[in-house]
Amino acid sequence: MYQSATIKECGVSIDNTEFGSKSINVDCSEFIEEKLTNDTFGERLRKSRLKLGLSISDIANLCNVTDSVISGYECNRYNPTKEVLTLLSSTFDMDYLCMDGYVKLVYKFDEFLNKLHLWICENNLTKEDAANKLGVSRGLFRFWFDGCIIKISTYNKIKNNLQKHKLL
């Protein structure tokens with residue numbers, strides 16, 4: 001007797017050629033949710049998606065990206081853009097998804113810039129002094145005020161300085 005099994009999302013389909021094809025649906029979302037932590041944006045996205053019963057394709061369509069991009073977010077290979085985070089906000093609790101780290105900074109970048117501006121004013125800093133305290137070049141600092149978001153590599157280098165000055 002020949003059998004094959006296919007697992008798609010949380011459904012299992014078994015093909016038994018001797019007895020015909022039978023389809024068995026197994027709900028494993030509780031098991032997957034239980035095993036996921038809330039440590040990263042990707043884990044929180046996957047957990048939220050499963051809780052809502054959505055597929056990777058559903059989220060990809062919502063965000064106008066490919067399935068592999070959403071999978072990359074969930075596996076922590078990529079970080080979403082501000083535009084993708086804005087699109088996700090129509091379906092997900094963004095305070096939960098973006099609770100910390102780089103993704104929170106990207107999602108709330110305008111708030112970060114306001115804090116940064118206030119910090120500069122309260123401490124009577126020039127932009128050059130502020131850039132030095134944060135460990136970035138003056139040009140990169142100006143780049144942020146022109147609306148360009150910090151790269152993750154830069155964030156990882158300066159996050160301790162950002163935390164030290166209570167900018168995160």
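Phe 41 is buried, at a relative accessible area of 6%, where buried means under 20% relative accessible area, exposed over 50% and partly exposed in between (1.4 Å probe, protein chains only). The model is predicted: local features need pLDDT of at least 70, side-chain atom pairs count only at pLDDT 80 or more, and totals for chains, interfaces and linings use all residues. Residues are numbered from 1 along each chain as its sequence is written, and side-chain values use heavy atoms, with hydrogens and water left out.

**Overall fold**

- The protein chain contains eleven helices and three strands; helices (H or I, at least four residues) and strands (E, at least two) are DSSP runs, numbered from the N terminus.
- Along the sequence, the elements follow the pattern β-β-β-α-α-α-α-α-α-α-α-α-α-α.
- Of the 168 residues in the protein chain, 33% are buried.
- Among contacts in the protein chain with a separation of 6 or more, 45% come from residues 24 or more positions apart; contact means heavy atoms within 4.5 Å.

**Aromatic pairs**

- A pair of aromatic rings is described by the distance of the centres and the angle of the planes.
- The structure holds six aromatic pairs; rings of Phe, Tyr and Trp (its six-membered ring) pair if their centres lie within 6.5 Å, and planes under 30 degrees apart count as stacked, over 60 as edge-to-face and the rest as tilted.
- The ring centres of Phe 41 and Tyr 73 are 6.5 Å apart and the planes stand at 70°, so this pair is edge-to-face.
- This pair links distant parts of the chain, since Phe 41 lies in helix H2 (residues 41–51) and Tyr 73 in helix H4 (residues 67–74), 32 residues apart.
- Tyr 73 also counts as buried, at 5% relative accessibility.
- Phe 141 and Trp 144 form a tilted aromatic pair, with 5.6 Å centre to centre and 45° between the planes.
- Both of these residues, Phe 141 and Trp 144, are buried, and both lie in helix H10 (residues 138–145), three residues apart, about one turn of the helix.
- Ring pairs join Phe 109, Phe 112, Phe 141, Trp 144 and Phe 145 into a cluster.

**Helix H8 against helix H9**

- The axes of helix H8 (residues 109–122) and helix H9 (residues 127–134) come within 10 Å and cross at roughly 110°; axes are lines fitted to C-alpha atoms, for helices over the stretch in contact, and angles run from 0 to 180 degrees between N-to-C directions.
- That angle makes H8 roughly perpendicular to H9; angles under 35 degrees count as roughly parallel, over 145 as roughly antiparallel, 65 to 115 as roughly perpendicular and the rest as oblique.
- Leu 116, Trp 119 and Ile 120 in H8 meet Ala 130, Lys 133 and Leu 134 in H9.
- By class, this contact of H8 with H9 has five nonpolar, no polar and one charged residues; Ala, Val, Leu, Ile, Met, Phe, Trp, Tyr, Cys and Pro count as nonpolar, Asp, Glu, Lys and Arg as charged, and the others, Gly among them, as polar.

**Helix H9 against helix H10**

- H9 and H10 pack at an angle of about 105°, with their axes 9 Å apart, and are therefore roughly perpendicular to each other.
- Lys 127, Glu 128, Ala 130, Ala 131 and Leu 134 in H9 meet Arg 138, Phe 141, Trp 144 and Phe 145 in H10.
- By class, the contact of H9 with H10 has six nonpolar, no polar and three charged residues.

**Leu 134**

- Leu 134 lies in helix H9 and is buried, with a relative accessible area of 0%.
- Neighbours within four places in sequence aside, the contacts of Leu 134 include Leu 116, Trp 119, Phe 141 and Trp 144.
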